[in-house]
There are 4 protein chains.
Amino acid sequence: MGRKKGPKYDAIIDAAVVVFAQNGYHNSKVSKIAQEAGVADGTIYLYFKNKEDILISMFEEKMSIFVDRIQHEISHVESIEKKLEIMVEMHFTQLELDPDLAIVTQLELRQSNTNMRYKVNEVLKGYLGLIDGLLEEGMKQGLFDPGLNIRIARQIIFGAVDEVATNWVMKERKYALTPLASDISDMLIKGLSLKSQPELKGKG
Amino acid sequence: MGRKKGPKYDAIIDAAVVVFAQNGYHNSKVSKIAQEAGVADGTIYLYFKNKEDILISMFEEKMSIFVDRIQHEISHVESIEKKLEIMVEMHFTQLELDPDLAIVTQLELRQSNTNMRYKVNEVLKGYLGLIDGLLEEGMKQGLFDPGLNIRIARQIIFGAVDEVATNWVMKERKYALTPLASDISDMLIKGLSLKSQPELKGKG
Amino acid sequence: MGRKKGPKYDAIIDAAVVVFAQNGYHNSKVSKIAQEAGVADGTIYLYFKNKEDILISMFEEKMSIFVDRIQHEISHVESIEKKLEIMVEMHFTQLELDPDLAIVTQLELRQSNTNMRYKVNEVLKGYLGLIDGLLEEGMKQGLFDPGLNIRIARQIIFGAVDEVATNWVMKERKYALTPLASDISDMLIKGLSLKSQPELKGKG
Amino acid sequence: MGRKKGPKYDAIIDAAVVVFAQNGYHNSKVSKIAQEAGVADGTIYLYFKNKEDILISMFEEKMSIFVDRIQHEISHVESIEKKLEIMVEMHFTQLELDPDLAIVTQLELRQSNTNMRYKVNEVLKGYLGLIDGLLEEGMKQGLFDPGLNIRIARQIIFGAVDEVATNWVMKERKYALTPLASDISDMLIKGLSLKSQPELKGKG
DNA sequence: TATGAATGAGGGTTCATTCAT
DNA sequence: TATGAATGAACCCTCATTCAT
């Protein structure tokens, strides 16, 4: 972490996660983030262009770790099915381990203006690339339908996983999220597959 | 439409769709909506509690039509697979027919504060109820996996469809959305199904 | 009452007393007065020029009764001392009998703009004329200091009585006001009197 | 002055006196005060909670000086009569020396809402305490009636002086105010005194 | 780098008043 | 007279950002 420099950069990012999660993006004052980070208001602007940039940067920082971890975990795995399952599992686990980040990612991040949505997508590319890799490999292996529209399939996978995560946050994380992963990846695999796979079940 | 009263209510709603789509929720001034609707600023507040209420009400108005239309269309259809396909198709078609509404629904609506997200979900219940109905019927008919977690399945369906729609809006509607419906519903059906369905493919 | 016309005029005046007393002048909406009076908002403007005019008219209406009653009571009395005592007593009694009017008179009336203060003084002239009459008569009778500056003396009397009344209202009318009248009028009479003051320096 | 901090605090207070005097409280825009003080609008809110707080703070600042000066002057004086005379004189002189403050004190301050009236009274306590001190001392010395109700007597004194001052402001300060002080204090002393009043019928 | 006092643009909302009916 | 829906001017305050130190 800390692509740019100094411990203050990280402190501000971490403070922003907490403050955004607590108050939402629009209700979070920059001065509150500064306070939480233990720096002066003006210092924020030595590290970030503006308030939006804090959100973007935070997302970039956290997302790159997020993606790196997933990539690392699935790199050891052979089967496509298992790779997808672990991907979803890791996605959920990481959200469960950082509730503040989960709130920001699933809810607050979408409160920024439309223009920012595009930047968020930019950041998401690393993650979406992972999915694309899975799909291509699956098609090559003859596991998935050769006629698969990768872009659409990727959107379906991401949309499904993201929606489940969002609902979990909106239900105030009252239930465990990670255990849902295998069911979801099973359904997705089935949906993408060429034919019948009798017994996909189980996180086994 | 016009649950409340008068042509001005509708005029304001319609103006809001246009203005929100153009500028985003946070950048839309109430006075601009008034201007677009051809009423005085103060008139807005005879029909709506505040700016947020315009957004919510707009969503309620439009969403109830949206759901009613889908419900009407699928009521004539027997097969579950076809029902889902038509649901997705209608979902997409309606967004394509009202690009401003599509922008607001897929992007701007999510910019409101967290608290509003909950209200949006309230409004979505009608739509989600349709999905649940489909799922229950499908399970009863032995088409879907009897172990299906309906809540999760519903989230996957909605998440997938919603994400595809959002991507289409963010790509500035450069391609046709409706034709994607059958592929998507096919995948979803396959994912939800109990076992092998040799030839699920499409309207083709 | 009802110098102008119709029962609605009176209804509006009476409603205004209640509403102004409850919320203060600036926090009282014209529509609330209309509601309380059982008329439409627009009807108010058939009887009153504007919101301020309601306050002024109310004060005129009520004040003329106020002054008439005092005048009537003191007309039967011979002694100047007694006249002043009864004047103060009546002043207090009438406020005690109409707590809403007391609040409006002592507090809310002063919340209007400066320009209105002048109009209020116009209305007060009837009352101040009574005081002047007392003073002139007292001087003629040799009771009061012949060097008395009537204007100042009148201000002292009115100021004293008014301040006691205002304090009583601000103390939320927790004590009886009328019993204070005789002490006050005694002091005032003493202060105005010719009699011995061993060594009153000053302009002598 | 400047209980809080910086020259801007004082500048804003002084600007407020001028602006409130010119336009009245309700017609004074905060931005006008900022302009007059030579600061940005937002700066006001670094020093004051809101518009009302400016008025209150202004009154507190000015009133404490006001009271301190009177206290200082009368501390050198022996006789009660003289003390009261000087108190009234100082009261008037200070108003004459700061006409803008006089307008605000006598007229605009009373335009605020009822709730604020209570705060104003809080601020006035210093001044009223001076009067109480005088009264107690006068009673101890046997100069004033031992049966004096101090609270009422204080209200009479303050009410009389205040009313004379208010009239002077409303008459646009066309005449000299200070010269009236000795007559007024004479009357008040006489009114409060023990001495003979042949036949003052009490409430008894 | 770091500070934090100062800036000033920006807009949702109220409500007295009007006027077509 | 009476209505009450419609008007639209008016303004306090917030807070992201700057900049002198």
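I began with the area buried between chain B and chain A, which comes to about 3600 Å², 59% of it on carbon and sulfur atoms; buried area here is the accessible area (1.4 Å probe) that two parts lose on being put together, summed over both. I kept in mind that this is a predicted model, in which local features need pLDDT of at least 70 and side-chain atom pairs count only at pLDDT 80 or more, while totals for chains, interfaces and linings use all residues. Residues are numbered from 1 along each chain as its sequence is written, chains are lettered from A in the order in which they are written, and side-chain values use heavy atoms, without hydrogens and water.

I then looked up the contacts (heavy atoms within 4.5 Å), and found 38 residues of chain B touching 39 residues of chain A.

I searched the interface of chain B and chain A for salt bridges and got zero, the rule being a side-chain nitrogen of Lys or Arg within 4 Å of a carboxyl oxygen of Asp or Glu. On the side of chain B that touches chain A, α7 (114–140), α8 (150–170) and α9 (181–192) each supply at least two residues, with the largest share, 14 residues, coming from α8(B); the helices are DSSP runs of H or I, at least four residues, numbered from the N terminus.

Last, I checked the UniProt record, an unreviewed entry, which lists residues 6–66 of chain A as "domain: HTH tetR-type". I noted that this span is 80% helix and 0% strand (strands being E runs of at least two), and that its end C-alpha atoms lie 22 Å apart.

Technical notes. UniProt positions renumbered as here; feature names shortened; annotations may be inferred.
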